[in-house]
Amino acid sequence: MFKKLYDFFSSVKLAIFLLLTLAITSIVGTIIEQQQDPEKYLMEYGQTTYKILKFLGFTDVYHSWWYIALLTLLGVNLIVCSIKRLPKIWKVAMEPRKTFSPGQEKSLRISSSITLQAKLQEVKEKLIEALKAKRYKVEVSKEEESEVHIFADKNVYARFGVYIVHLGVLIVLIGGLITAIFGYRGYMNLAEGTMSNLVSFFSGPKVIELPFYVKCNKFTIDFYPSGMPKAYISDLSIIENGKEVLRREIKVNDPLKYKGVYFYQASYGRGEAFLKIKDKSSERIVGVAFGQPIKLAPKTYLRIVSLDGRTMNIGIEFIKDGEIREGVIKPFIFYQVPGTDKVFAMVDFKPVFYTGLQVAKDPGTWVVWVGSTIMIIGLVVAFFIPHRRVWARIEKKGEDKVRLVIGGLSSKGSEGLAQELEEVLGVLKSSYCKNTPKEEEL
Amino acid sequence: MITSVELFNGGMVAYFLAFLFYTIYTFSKSSWASKLATGFAWLGVVIQGAGFIVRGMEKAKVNMVSDWTAFYKYAPFTNMYESLMLFGWTAVLIYLLFEWKYKNKAFGMFVMPLALIGELSTQILGFNSEAQPLVPALQSNWLLFHVVTTFIGYAAAAVSAGIAYAYFVKRDDTTAKDWAVIFITTWFIFFFIIYSAYRENFVYYLGISAVVAALFCGFLYLIKKVGIAKLFPSVETMEQIMYQSVAVGFVFLTIGIILGAVWAKYAWGGYWSWDPKETWSLITWLVYAAYLHARYIKGLRGKPLAYFTIVGFLSVIFTYYGVNLIIPGLHSYAQ
């Protein structure tokens with residue numbers, strides 16, 4: 001049973017199947033808009049189709065159970081495959097047959113032989129030197145009176161390029177997992193002069209309270225002469241324990257980072273509402289940008305989302321205990337916050353700009369960068385660096401005459417190796433071929 | 001002062017002359033034609049390379065940046081006109097590198113017109129050639145590196161697909177079914193290129209691209225009949241080049257995607273947002289990853305290899321042209 005499972009997960013065919021299945025299923029999410037409100041789907045597709053799409057996970061493909069399952073299978077496949085193949089590759093790379101008995105040259109892609117007018121020891125040393133000059137690691141694998149074998153190789157690590165890539169992919173996948181579990185992305189709308197510590201998720205009722213406040217001091221838009229926007233700039237302050245600890249301008253592509261939380265210039269809009277909040281002992285008026293929640297009681301938030309200038313209807317979203325309710329209120333009328341003795345009313349409105357910040361915390365990012373770097377290094381090694389091996393045999397043919405057989409293998413493309421061997425032979429020829437007739441065997 | 005558009009056009013003239021001399025060389029084997037062909041191709045690359053630098057300075061100007069060292073921030077690859085220039089330029093450059101490595105000039109007469117068509121299509125399809133200021137999202141240090149690596153990837157994919165088509169021309173056992181596949185895939189490619197410029201009259205442009213694809217197939221068939229295919233490298237070498245350009249393409253696409261993720265982290269707040277363009281680049285990556293594995297376990301040789309190469313390129317074309325047609329995403333400013 002275990003053996004079967006192991007064989008299943010260690011097959012490259014499974015990897016190809018998973019890669020292609022992921023490719024094909026990924027297409028779905030680029031055809032059907034993802035993570036929209038149910039109303040939008042209902043309008044576009046109708047009740048039945050929407051139910052089917054929802055059931056299949058097609059409205060949120062990349063977070064559906066089967067997509068995650070496919071990715072997990074790919075991860076497992078990657079690990080098992082590597083474990084299975086690594087020892088074999090290790091053996092091929094690290095423990096090659098180093099001797100070069102007669103006839104073996106026939107099994108090599110590149111081989112040639114030459115007769116030289118010299119002593120065996122001289123040729124041996126010259127050859128070792130020539131190979132070393134080409135950055136080969138050289139060793140004498142057999143040494144006898146009449147015959148010397150030499151083995152040389154370089155870039156052994158290139159054999160493991162593929163595994164470096166796989167390791168990188170795996171780390172990226174883990175980074176993605178960390179992002180999915182521990183990261184979040186939300187938004188914050190801040191009118192000039194207001195501050196908040198509440199981050200709303202893009203969809204759903206979730207609101208996060210940061211351990212510090214963000215204040216927008218100023219929001220500006222620069223324009224090109226043509227009227228096209230050139231830059232959106234927010235001047236932000238971080239307020240912690242009532243004190244300003246950091247002040248900086250942010251722009252698109254230039255976020256602010258504080259305690260692992262990033263604040264990005266993402267959008268802007270218009271509208272600031274002023275709410276009067278009263279309970280038995282106190283009364284205060286706060287300004288808040290449209291779309292930004294305000295905390296009324298523990299786990300209880302209110303968002304002003306719209307204002308109809310004609311009817312004076314104010315659209316609100318009321319969030320309590322993780323549930324969101326939409327409603328309409330009228331200005332200057334006090335409403336009770338359920339479960340408390342607080343009341344609130346909207347008492348003023350100003351059509352001023354607010355800055356839309358995207359807020360993200362993602363401890364997986366660095367893991368992904370590490371994985372990506374490893375992946376790129378691995379790819380370069382795997383595709384562009386050849387592992388080259390050279391075998392040579394020097395046979396004594398007479399007092400001052402030897403025959404040299406040399407050949408080699410390259411893990412990718414043999415032209416480079418052929419060139420190198422030609423140059424190595426060139427060195428020997430120029431030293432020892434002065435008196436011999438043209439080498440007939442080469 | 002000479003403008004970037006003039007330099008780009010000058011480069012196109014050089015490519016055209018290179019095309020003429022590659023053709024003359026192919027039929028006459030004359031060595032001066034061969035030298036002139038390669039010379040003009042390199043000349044075009046140099047002229048257009050200068051064009052990109054001038055373009056960068058022009059863009060810095062319209063972006064009201066006087067510090068010329070910041071020109072890489074305003075790298076000229078931010079609209080269809082500029083990206084197609086880059087595409088043609090990289091394709092010629094990659095071809096020239098292969099020519100230099102394999103000492104074979106048989107493909108020059110095919111690559112030159114392809115690059116030329118790609119670049120000329122900006123005029124035929126009416127893409128705006130003016131240097132435009134950048135919207136805030138595109139003002140990034142990562143722009144240059146992300147776009148250049150991605151485009152080397154795209155161009156390598158284009159070269160691999162070009163070889164794959166030539167491969168069918170070269171083979172003796174190319175069947176009617178193969179020709180059908182060649183027709184359908186080129187139809188798809190031409191359609192997305194043409195339709196992305198107009199975005200209307202779907203059926204009309206489907207028809208037009210079918211005609212263009214048919215002409216292209218006719219051209220290939222003619223080459224086969226005339227016997228030019230004999231001048232191509234051997235079937236094995238072509239498979240080798242096909243695979244190598246896919247490998248180069250894969251490496252650069254990977255780097256391009258990763259640099260895009262780094263940029264996205266700073267611009268959009270997360271390294272991955274499942275934006276349609278991102279997703280399609282991932283799909284392309286997955287297809288090529290499957291390709292490399294299929295080759296690794298030795299099943300993939302011959303015609304299936306060529307088919308797979310073409311499928312990979314279709315995915316590239318879709319990532320490049322097609323995505324914005326379906327769903328507007330975060331990349332849709334690329335128009």
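1. In this predicted model, chain B and chain A bury about 4200 Å² between them. Carbon and sulfur atoms account for 73% of that buried area. The contact draws on 50 residues from chain B and 50 residues from chain A.

2. On the side of chain B that touches chain A, α8 (235-267), α9 (276-296) and α10 (302-326) of chain B each contribute at least two residues. By residue class, this side of chain B divides into 40 nonpolar, 9 polar and 1 charged.

3. The polar part of the interface can be given as two counts. Between chain B and chain A there are 0 salt bridges. Residue pairs in polar contact between chain B and chain A number 6, counting pairs with both residues at pLDDT 80 or more.

4. For the overall dimensions of chain B, the radius of gyration is 20 Å, which agrees with the value near 20 Å for a compact globule of 335 residues. Along the principal axes, the C-alpha atoms of chain B fill a box of roughly 55 × 45 × 40 Å.

5. Chain A has 9 helices and 19 strands. With a radius of gyration of 36 Å, well over the 22 Å that the globule rule gives for 442 residues, chain A is more spread out than a compact globule. The box filled by the C-alpha atoms of chain A is roughly 115 × 55 × 45 Å along the principal axes.

6. The domain assignment of chain A lists domain 1 (2-92), domain 2 (97-154 + 386-441) and domain 3 (184-361). Between the centres of domain 1 of chain A and domain 2 of chain A, taken over C-alpha atoms, the separation is 52 Å.

7. One residue of chain A may be looked at individually. Ile374(A) lies in helix α8 (residues 365-384) of chain A. Leaving aside residues up to four places away in sequence, Ile374(A) touches Ile164(A), Leu167(A), Gly168(A) and Ile171(A). Of these, Ile171(A) is 203 residues from Ile374(A) along the chain, and their C-alpha atoms are separated by 8.8 Å.

Key:
Residues numbered from 1 in each chain as written. Chains lettered and ligands numbered in written order. Predicted model: local features only at pLDDT ≥ 70, side-chain atom pairs only at ≥ 80, totals over all residues. Heavy atoms only, no water. Contact = heavy atoms within 4.5 Å. Buried area = accessible area lost by both parts, 1.4 Å probe. Salt bridge = Lys/Arg side-chain N within 4 Å of Asp/Glu carboxyl O. Polar contact = N/O pair within 3.5 Å; in protein donor to acceptor, adjacent residues only side chain to side chain. Helix = DSSP H or I, 4+ residues; strand = E, 2+ residues; numbered from the N terminus. Nonpolar A, V, L, I, M, F, W, Y, C, P; charged D, E, K, R; others polar. Domains from an automatic or database assignment. Rg over C-alpha atoms; globule rule 2.2 N^0.38 Å.
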